[in-house]
Amino acid sequence: AGREQDDVVVPTSGGRYDVHLRTRQRVAVYWDEEVSQVRRCTWFYKGDKDNKFIPYSESFSEELEEAYMIAVTLGEWKRKLESPNREVIILHNPKLMVHYHPAASADDWVSTPTEQGRPRTVKRGVENIAVEIPSGEPLQIDHLVFVVHGIGPACDIRFRSIVQCVNDFRNVSLSMLQEHFKKAQEQQQVGRVEFLPVNWHSSLHSTGVDVDLERITLPSINRLRHFINDTILDVFFYNSSTYCQTIVDTVASEMNRLHRLFLQRNPEFRGGVSIAGHSLGSLILFDLLTNQKADPEEDEHCAQGSRTTSSMGGIEEVKEILKKLELSEYCDVFEKEKMDRQALFLCTEKNLKEMGIPLGPRMKILHYISSKTTMKVCFLHGLCSCRHIPSHSIPLTQGPLSNLNTPLSQVSANYPQLNYKPTIFFAFGSPIGMFLTVRGVKRIDPNYSLPTCKGFFNIFHPFDPVAYRIEPMIVPDLEFEPMLLPHHKGRKRMHLELKEGLTRMSVDLKNNLLGSLRVAWQSFTRAQVPALEAASTEAEAEADTEKQPDTKPEEPPAAVKEETPLINVGRLNGGNRIDYVLQEKPIESFNEYLFALQGHLCYWESEDTVLLVLKEIYQTQGVTLDQPLPGSQ
């Protein structure tokens, strides 16, 4: 029975580590990590450099405990014990036990431990030790989030791994839950959100490509070249068909593996799954999501909805096209054949000939269809300029050309399918907009949504040099600011409020000055012609009425307005805003270039970012913040 008890495996740290009691080892469950030793601590001594208590080994702790019990039982104190490191411990009485370092003599062969040196306090048990032992994380897991890193093995300015950065993100989420979801926690509606890292860099660089790069790398500026090979080149690897396939296979298979393992260890889990990506990781996830296959039932439902909404306007669109081509006289022919835009783009020359369209108009119509189809195909097949998505992939727009299967000259990747449908996709410091533009995508159809994921948030720091917006690609004709992410304390940062206040003040001063000058000028002009004043009273009244819009104070700029007007940014995030910008810190506003790198790596410890993630996740479960934050959607 004792041996069986020693073989017990105890989950710790929220189930992310297992402790094997018999071997005293702590093993990571979801990722590769060096095994760490676990020690059962009963006896401690104070260290040299600080006042922290350091535990003795378990074997020596047993010797100390045995000597202590004998001393207590027999009342025989001032007992000396020698540790394996030739150190002396003296038990003077239950309240005074000291530890001495051995004093080295000239001849180490004959030296014996003495009581020389600075004595250190020895303590039995953990009572009255000024160390906060964490109470642990809530057992209830409400949601699972997979986090994919960007380029290189290091994820922040301290060169820490994705595991360490996600640990920070998780710790911040626990503190945000306690601060902003206290009521829900008291009512046991909220447990916690589990964040698990997804590492693809090590798999990519274990393919042997590093050896090939080493052979062709110049010997000068060795550290810089090694850094470039290990980080910056990941972007180029993703643009290669061979290594792109390795990356997407690794990310998808790793997320599927983690999902299966998590469900095995948490069989009672009924929550949803979301995904988050930083930098290049967000682009990898975006490409994966655009190539997921929705259920046939959902496809049919979307198709029926599309047909219903477009049936009335389709014929009118065809009339507009014919009018543009100066072929309005054939509108009746197309209307008689019930030809909408979708049917028009499926027409061949034979079809047009059978409808009685002469050769000249036929050529015009076919040329128009050909030009629009070519442009649409490049967009529909998504990221074709970067040559990732094969011609049979899920398109970036849903509509009449979604089933088009025109072969494109491109390097393709076979995107794997995920075993689940993500609830929300969060992108941190994401270059998705830039890559789409470079790939030739000028606009995202407002009706497009990711096939299996209905939520998408693009979160970025204002000084992040890698981040790009998404919303202007959906609404290119309208200029508007991204949503300002509310501060987790419930207000704007002081320097931003001061900046806006000064802007408002300058606008008001300008308007008041202009108004005063206008009144003075009118008084001056009226004084010049007093005889005509009475006769022109009515005319001046009418003129003042007409000029009133001019005398109205100028509206403050969009950046100063408190309320952001409602903007339709399409279905990519279910009709909600997509781009969210963090508030820079006061010190960062002094020099945006100096803090550009920090801006790209700040998300892991950003309370505002974490709070938005938690708010949106729990909103899908009907749980809201204790106090709504100002400016939040």
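## Salt bridges, a helix and a surface patch

The side chains of Glu137 and Arg16 meet in a salt bridge, with 2.6 Å from N to O. Here a salt bridge is a side-chain nitrogen of Lys or Arg within 4 Å of a carboxyl oxygen of Asp or Glu. This pair links distant parts of the chain, 121 residues apart: Glu137 sits in the loop between β10 (120-124) and β11 (141-148), and Arg16 in the loop between β1 (9-12) and β2 (17-20). The helices (H or I, at least four residues) and strands (E, at least two) are DSSP runs, numbered from the N terminus.

Before going on, a word on the model. It is a predicted one, where local features need pLDDT of at least 70 and side-chain atom pairs count only at pLDDT 80 or more, while totals for chains, interfaces and linings use all residues. Residues are numbered from 1 along each chain as its sequence is written, and side-chain values use heavy atoms, leaving out hydrogens and water.

### Charged pairs

Side chains of opposite charge can pair when their charged atoms come close. How many salt bridges does a search of the whole structure find? The search gives 24. Three of them are set out here.

| Salt bridge | Closest N to O |
|---|---|
| Glu349 and Arg362 | 3.8 Å |
| Lys615 and Glu616 | 2.9 Å |

To describe cover, buried means under 20% relative accessible area, exposed over 50%, and partly exposed in between (1.4 Å probe, protein chains only). Glu137 counts as partly exposed because its relative accessibility is 21%, and Arg16 counts as buried because its value is 4%. Lys615 is buried, and so is Glu616. Salt bridges that share partners also join Arg16, Glu137, Arg170, Arg192 and Glu194 into one network.

Now for Glu349 and Arg362, which form a salt bridge with their closest N and O atoms 3.8 Å apart. Glu349 lies in helix α13 (residues 349-354) and Arg362 in helix α14 (residues 359-380), so the pair ties together parts that are 13 residues apart in sequence. Glu349 is partly exposed at 36% relative accessible area, whereas Arg362 is buried at 8%.

### Around Trp31

Arg16 turns up again beside a tryptophan: Trp31 touches Arg16, Tyr17, Val163, Leu196 and Pro197, not counting residues up to four places away in sequence. Contact means heavy atoms within 4.5 Å. Trp31 is found in the loop between β3 (25-28) and β4 (36-37), and it counts as buried at 10% relative accessibility. The C-alpha atoms of Trp31 and Tyr17 are separated by 9.6 Å, and these residues are 14 apart along the chain.

### Helix α2 and its two sides

Helix α2 (residues 58-74) has 17 residues and reaches 24 Å from its first C-alpha to its last. That is close to the 24 Å expected at 1.5 Å a residue, the expected span being 1.5 Å times one less than the number of residues. Which residues of α2 are buried? They are Phe60, Ser61, Leu64, Ala67, Tyr68 and Ala71. These cover an arc of only 130° around the axis, which puts them on the same side of α2; the arc is that of the directions from the helix axis to the C-beta atoms. The buried residues of α2 pack against β5 (43-46), β7 (79-82), β8 (88-93), β9 (96-100) and β10. On the other side of α2, Glu62, Glu66, Thr73 and Leu74 are exposed. Just after α2, Gly75 takes a positive phi of about 70°.
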